[in-house]
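Here are my notes on the strands, as numbered points. Have the model open while you read.

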Amino acid sequence: MSSLRLGSIAPDFHADTTAGPINFHEWIGDSWVILFSHPGDFTPVCTTELGEVARRADDFAKRNVKVIGISANGLEDHKAWVEDINEYGTKYGPTDVKFPIIADGNRHISTLYDMLDEQDATNRDNKGLPFTIRTVFVIDPKKVIRLTLAYPASTGRNFDEILRVVDSLQLGDKYRVTTPVNWRKGDDVIVHPSVNNDEAKTLFPEVTFHKQPYLRTTPLVE
């Protein structure tokens, strides 16, 4: 069983998807990726999530983020489910699922990414196979895992928060900063601990040095 951590290289794989076959690393290219799993097709909470992701395609594109779903069903079920997602999603706005959904009926990729809910004996299909945990992976263009989240089946994922984390990671990669609690794009950021005070004055002319010597904040205009 895989033991993936932040900083691990995301395992490569070949898969059939609703958008055709892919080799994962090749498909990523130089983009960021959000890989998110679902216990099965035609599940109510996940239906609302995939519709939301489809409606926010522009939000992902402007961040150079590709999204890809995975569910333990075959392609025919996936295609029928997409029709349901699009139909239901119109209650909230135009909905057209164009991102790929991986067919993982044999749980190969779910096992590779340690997504299986082995601990919960009630979370199994009619063949006794464990369902996948509702997991999120954020992967950067170097194929490094930068975020993992696991949600309970009862709670829909918050894609505002997932995008907020992507914004924070991308900002931190570009500038030597970290982001404070409840940070939103445009808020002040924290100067990274690796930056000494003299560097901070040069890199961030509006830096504020606080009473706590380890806390230095600055506005950041991109």
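1. V33 has I139 as its bridge partner in β6. Strands β3 and β6 (residues 134–139) run antiparallel and are joined by four bridges. For the bookkeeping, strands are DSSP runs of E with at least two residues, numbered from the N terminus, and two strands pair if DSSP finds at least two bridges between them.

2. A quick word on provenance: this is a predicted model, where local features need pLDDT of at least 70, side-chain atom pairs count only at pLDDT 80 or more, and totals for chains, interfaces and linings use all residues. Residues are numbered from 1 along each chain as its sequence is written, and side-chain values use heavy atoms, with hydrogens and water left out.

3. V33 also stands opposite K66 in β4. Here β3 and β4 (residues 65–71) pair in the parallel sense, over seven bridges.

4. How much of β3 is buried? Seven of the seven residues in β3 (residues 32–38) are, with buried meaning under 20% relative accessible area (1.4 Å probe, protein chains only). In a regular strand, side chains alternate between the two faces of the sheet. On β3, W32, I34, F36 and H38 point one way, while V33, L35 and S37 point the other way, and all are buried.

5. Moving on, there is an open sheet of four strands, ordered β8-β9-β11-β10 with antiparallel pairing. Its edge strands, β8 (177–178) and β10 (208–209), each pair on one side only.

6. Within that sheet, β9 (residues 189–191) and β11 (residues 216–218) run antiparallel and are joined by two bridges. V189 has T218 as its bridge partner in β11.

Conventions:
Buried < 20%, exposed > 50% of the residue type's maximum accessible area, 1.4 Å probe, protein only.
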